[in-house]
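Dear colleague,

I am handing over to you the structure shown below. Please look through it first; my findings follow.

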Amino acid sequence: MKKTILITGSTDGIGFATAKSLLKLGHEVLLHGRSEAKLAAVKTLLSDFASPEFIKTYKADLSILSEVKQLANQIKEEHQHLDALINNAGVFKIANTETIDGFDVRFAVNTIAPYLLTQQLLPIMDNSGRVVNVSSAAQASINPAELFTVGKLSDNEAYAKSKLAITMWSRQMAMSLGSDGPVIVAVNPKSFLGSKMVKEAYGVAGEDVQQGADILVKAALSNDFAKASGLYFDNDIGQFSAPHPDALDTNKTIKLTQAIEQVLAR
């Protein structure tokens with residue numbers, strides 16, 4: 001059965017490979033990127049694998065929270081139902097670390113934007129749906145107050161904290177929605193895959209991104225993930241695993257989620 005699936009950051013790397021795999025399986029894919037030109041070029045490339053009407057494109061800068069809301073509104077206007085949301089877009093190293101909203105761009109793109117986008121799209125998702133949040137093996141404890149600070153963390157620190165934070169809110173949102181909401185799962189697609197981000201961050205070519213795409217497709221579609229809400233899948237070892245201990249601490253996940261809500265209220 002054809003499903004409608006949104007993938008953020010799908011113009012290159014793991015996101016592009018995931019889009020291609022899903023289109024080959026006959027699903028409708030909503031591509032997201034920051035550049036109209038790149039989205040158009042990627043749609044042309046992917047049209048070799050699927051009919052163009054199965055490919056929709058959406059432009060938004062996820063570091064700008066108003067654009068995240070606009071993206072969600074556009075999708076809700078054009079689609080009555082969304083089967084899966086893959087929050088794949090991520091930032092590691094960037095020249096200007098402060099967003100126009102005054103937040104660290106790593107927290108904005110890697111943690112806050114996926115939270116907001118998920119919240120905004122819940123009305124067109126049901127409990128048969130999936131929210132797949134791309135996490136990482138790199139996870140470091142975060143003080144919720146750090147969501148409001150800029151320029152005080154190294155690239156490695158900001159990235160690792162942002163990836164623990166998305167893992168934490170994934171679990172908290174899954175617990176709060178319960179059986180009424182979609183499955184919400186955090187996935188480490190595999191360390192050091194050959195994405196643009198890894199090349200820029202570490203200067204290495206990395207492994208085949210298809211390994212990451214395959215697990216994201218499985219998380220979005222497979223029965224193996226049907227009861228995985230609130231869990232963490234580590235593709236470095238190929239199984240569900242315990243995330244950083246902070247993600248299992250309900251008190252900490254609640255406080256982190258409250259801090260994200262405070263960010264959004266600002």
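Predicted model: local features only at pLDDT ≥ 70, side-chain atom pairs only at ≥ 80, totals over all residues.

Eight strands form an open sheet with mixed pairing, in the order β3-β2-β1-β4-β5-β6-β7-β8. At its edges stand β3 (55-59) and β8 (239-240); each has a single partner strand, so one side of each is left without a neighbour in the sheet. Strand β1 (residues 4-7) runs parallel to strand β2 (residues 28-33), and four bridges join the two. Within this pairing, Ile5 has Val29 of β2 as its bridge partner.

The helices on the sheet. Helix α1 (residues 13-24) packs on the sheet and touches β1, β2, β3 and β4 (84-87). The direction of α1 makes about 170° with that of β1. Helix α2 (residues 36-46) lies across β2 and β3, and runs at about 165° to β3.

Strand β5. Strands β4 and β5 are also paired in the parallel sense, over four bridges, and Ala84 stands opposite Arg130 in β5. How much of β5 is covered? Strand β5 (residues 130-134) is mostly covered, with five of its five residues buried. Arg130, Val132 and Val134 point one way from the strand, while Val131 and Asn133 point the other way. Both sets are buried, the charged residue Arg130 included.

The cavity. The structure holds one cavity of 30 Å³ or more, and the volume of the largest cavity is about 50 Å³. The residues that line the largest cavity are Thr8, Leu62, Asn87, Ala89, Val109, Asn110, Ala113, Pro114, Leu117 and Ile166. Which helix gives the largest share of this lining? That share, five residues, comes from helix α4 (residues 105-121). By class, the lining comprises seven nonpolar and three polar residues, with no charged ones.

Gln172. This residue is found in helix α5 (residues 155-177). Is Gln172 buried or exposed? Its relative accessibility is 14%, and buried means under 20%, so Gln172 counts as buried. Apart from its neighbours within four places in sequence, Gln172 is in contact with Thr250, Thr253, Ile254 and Thr257.

With kind regards

How values were computed
Residues numbered from 1 in each chain as written. Heavy atoms only, no water. Pairing = 2+ DSSP bridges. Contact = heavy atoms within 4.5 Å. Axes fitted to C-alpha atoms, helices over the stretch in contact; angles between N-to-C directions. 1 Å grid on protein atoms, 1.4 Å probe; cavity = no way out; pocket = protein on both sides within 12 Å on 5 of 7 lines; lining within 4 Å. Points joined across faces, edges and corners; volume = space filled by probe spheres on them. Buried < 20%, exposed > 50% of the residue type's maximum accessible area, 1.4 Å probe, protein only.
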